[in-house]
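Subject: Handover of a structure and summary of findings

Dear colleague,

Please find below the structure that I am handing over to you. I would be grateful if you could read the notes that follow with the model open beside them.

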Amino acid sequence: MTFNGPTQVITRIASPEDALSLGLLGIQVFLDTYATEGVRDSIAQAALDAFSPATLSNVMATPGTLLVVAEINHHLVGFAQIALHTEHNLIANSNAAQLQRLYVQERFTGKGIGFALLQSAERHARLGGAPLLWATVWVGNPRALGFYPRQGYEYLGPTSYTLQNETHENALFAKFFE
Ligand SMILES: CC(C)(COP(=O)(O)OP(=O)(O)OC[C@H]1O[C@@H](n2cnc3c(N)ncnc32)[C@H](O)[C@@H]1OP(=O)(O)O)[C@@H](O)C(=O)NCCC(=O)NCCS
């Protein structure tokens, strides 16, 4: 999808050649979002594990998992990761799709890129036969806690996320398709 805003943004499915830049972008947004008290080993290890080019290449090769990137002038500025058939105990539907990541580089936030990536994620979830798309948000991320409800997502309850050996409180949101 292409749209005209202040700058032209293109959203497209990631290709294996994107793995290196996607990894660095992922680390940058991950640290901006989750390293709110600075960097400790658990955060450093989680970032390096999750966003190595090898890990991202595996994600791209995983059936039912899709990465959509947002690009401006041949530079990656954001991405969304969607996985089909992802169950959660707060959602009794094995066909549900999960938005596993929605990351926009900080300097490109507030320009409609998160919105465009979310639209794309929802489109791919529907095309994959999912009746809903769900996402979890860390309770220490107020911007994202406000973003999903304004995009039509319902709060379904608290959940937890394990980062290395740490447990963090998250909130689960879902949008049910018509
Ligand atoms: C949360 C995040 C994904 C939001 O993305 P963003 O690019 O900053 O948000 P956008 O600019 O697309 O959207 C902002 C607003 O414009 C609106 N908007 C933008 N384009 C629009 C369009 N074409 N039509 C209608 N509404 C539009 C959105 O609805 C939204 O409205 P709001 O102010 O009521 O929330 C982004 O801030 C981010 O990546 N943060 C860091 C990582 C993170 O926290 N990810 C989420 C983890 S769960």
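The notes below begin with the basis of the values and then go through the findings.

**Basis of the values**

This is a predicted model, in which local features need pLDDT of at least 70 and side-chain atom pairs count only at pLDDT 80 or more, while totals for chains, interfaces and linings use all residues. Residues are numbered from 1 along each chain as its sequence is written, and side-chain values use heavy atoms, with hydrogens and water left out.

**The largest pocket**

The largest pocket holds about 1,200 Å³ of space. Its lining has 49 residues, and the closest to its centre are T33, Y34, L102, Y103 and N141. A pocket here is an open set of points on a 1 Å grid over the protein atoms alone, where a 1.4 Å probe fits, with protein on both sides within 12 Å along at least five of seven lines; lining residues have an atom within 4 Å of a point. Grid points are joined across faces, edges and corners, and the volume is the space filled by probe spheres set on the points.

Which elements supply at least two residues each of the lining? They are α1, α2 (41-50), β5 (97-104), α4 (113-127), β6 (132-138), α5 (142-150), β7 (154-163) and β8 (166-176). Helices (H or I, at least four residues) and strands (E, at least two) are DSSP runs, numbered from the N terminus. Strand β5 gives the largest share of the lining, 7 residues. By class, the lining has 23 nonpolar, 18 polar and 8 charged residues. In this count Ala, Val, Leu, Ile, Met, Phe, Trp, Tyr, Cys and Pro are nonpolar, Asp, Glu, Lys and Arg are charged, and the others, Gly among them, are polar.

T33, one of the residues closest to the pocket centre, belongs to helix α1, which covers residues 19-34. A polar atom of the T33 side chain lies 2.7 Å from the backbone oxygen of V29; a polar contact is a pair of N or O atoms within 3.5 Å, where within protein one must be able to donate a hydrogen and the other to accept it, and residues adjacent in sequence count only if both atoms are side-chain atoms. Leaving aside residues up to four places away in sequence, T33 touches W138 and N141, contact meaning heavy atoms within 4.5 Å.

The 16 residues of α1 should span 22 Å at 1.5 Å a residue, and the 21 Å between its end C-alpha atoms agrees with this. The expected span is 1.5 Å times one less than the number of residues. Among the buried residues of α1 are L22, L25, I27, V29, F30 and T33; buried means under 20% relative accessible area, exposed over 50%, and partly exposed in between (1.4 Å probe, protein chains only).

Helix α4 has 15 residues and reaches 21 Å from its first C-alpha to its last, close to the 21 Å expected. Its buried residues include I113, L117, L118, E122 and A125. After α4 comes G129, which has a positive phi near 90°.

N73 is found in the loop between β3 (65-72) and β4 (75-83). Although N73 is not a glycine, its phi is positive, about 50°. N73 counts as exposed because its relative accessible area is 60%.

The loop between β4 and β5 holds H85, another residue other than glycine with a positive phi, near 55°. T86 is in the loop between β4 and β5 as well. Is T86 buried or exposed? T86 is buried, with a relative accessible area of 13%. The side chain of T86 reaches the backbone oxygen of A83 at 3.3 Å. Beyond four places in sequence, T86 touches N93, S94, A96, A97, Q98, Q100 and W134.

**Further residues**

R150 is in helix α5 and is exposed, at 68% relative accessible area. Its side chain reaches the backbone oxygen of G146 at 3.4 Å. L156, in strand β7, is partly exposed at 26%. Residues that L156 touches, not counting those up to four places away in sequence, are L90, I91, L172, A174 and F176.

Yours sincerely
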